[in-house]
Amino acid sequence: MRCRSCRRLTLSTICMECRNIYLRPKPKIRVLSSGLEVLSFFSYDEIEPFLLTKHYPSGWFIYRILAQESFRAVYSLNGETVASIPIDDTSHGGYSHTAILAKELKKYGFKPIFNVMIARNKISYSGRSLSYRLENPRGFVYNGPVGIEAVLVDDIVTTGLTLMEAQQVLEKNRVKVGQAIVIADVDR
Ligand SMILES: [Zn+2]
């Protein structure tokens, strides 16, 4: 096949040269106004073309590579049990990009709980203003286990509103949210 980035022949969706050039994670923590820590690995602009593949079938391969390259820069849990809850992991075009991320985190000891944090409002926030986002909450419904500890998993953090809304819903269900883990931060 050909590398999605440079078009060279390669055995992987993104060749090793491009991974070395474009996929060098720089782990960073942003603290949201709710106190939630968000761990990210890239700034959005660095890897935007890769992130936009989530709307296409190739995104399945690309997101797996993004998850591999990001999370290997992160810690492993030492025997602790922490659940990971992907945000709105309903499948679009045959897969869910947040579920791919949660599956990869399993290697580091995070136990994924799928399909428990689903948005009733399916509207896209992409390119929308903060006031629009505030007026149109996601309307998350949580139907997972209560009284556990968990991390939230999403692909990007922009204003942080989605993560904080999910955090609030979880806390109402006595889920202690330790951290949010995302691939990219839109830190403009
Ligand atoms: Zn390449």
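Which elements do the buried residues of α4 pack against? The legends below describe a predicted model, and they start with this helix.

**Figure 1. Helix α4 and its surroundings.** The buried residues of α4 pack against α3, β4, β5, β8 and β9. Helix α4 covers residues 97-105. Seven of its nine residues are buried, so the helix counts as mostly covered. These buried residues are His97, Thr98, Ile100, Leu101, Ala102, Glu104 and Leu105.

Figure 2. Strand β4 spans residues 82-86 and runs parallel to β5, to which three bridges join it. In this pairing, valine 82 faces phenylalanine 110 of β5.

**Figure 3. The buried face of helix α2.** Helix α2 is made of residues 44-51, and its buried residues are Ile47, Phe50 and Leu51. Viewed down the helix axis, these buried residues fall within an arc of 85°, so they line one face of α2. Asp45 and Pro49, on the other side of the helix, are exposed. The cover over the buried residues includes the helices α1 (16-22) and α3 (59-71). It also includes the strands β3 (42-43), β8 (149-157) and β9 (176-185).

**Figure 4. Threonine 10 in the segment before α1.** Threonine 10 belongs to the segment that precedes α1. It has 17 C-beta neighbours inside 10 Å and therefore counts as partly exposed. Buried would require 20 or more such neighbours, and exposed would require 12 or fewer. When neighbours within four places in sequence are left aside, threonine 10 is in contact with Met1, Arg2, Cys3 and Cys15.

**Figure 5. Asparagine 115, a loop residue with positive phi.** Most residues other than glycine have a negative phi. Asparagine 115 is not a glycine, yet its phi is positive, near 55°. This residue sits in the loop between β5 (110-112) and β6 (117-119). Is asparagine 115 buried, exposed or partly exposed? There are 15 other C-beta atoms within 10 Å of asparagine 115, so this residue is partly exposed.

Figure 6. Arginine 174 has a positive phi of about 55°, although it is not a glycine. Its loop connects α6 (161-172) and β9. How many C-beta neighbours does arginine 174 have inside 10 Å? The count is 10, so arginine 174 is classed as exposed.

**Figure 7. The protein chain as the setting for the close-ups.** The protein chain contains six helices and nine strands. Its radius of gyration is 16 Å, close to the 16 Å that the globule rule gives for 188 residues, so the chain is as compact as a globular protein of that length. Along the principal axes, the C-alpha atoms fill a box of roughly 50 × 40 × 30 Å. Of the 188 residues, 34% are buried. Among contacts in the chain with a separation of 6 or more, 70% are between residues 24 or more positions apart.

Technical notes
Residues numbered from 1 in each chain as written. Predicted model: local features only at pLDDT ≥ 70, side-chain atom pairs only at ≥ 80, totals over all residues. Helix = DSSP H or I, 4+ residues; strand = E, 2+ residues; numbered from the N terminus. Arc of directions from axis to C-beta. Contact = placed C-beta atoms within 7 Å. Rg over C-alpha atoms; globule rule 2.2 N^0.38 Å. Pairing = 2+ DSSP bridges. Right-handed = clockwise from strand over helix to strand, strands pointing away.
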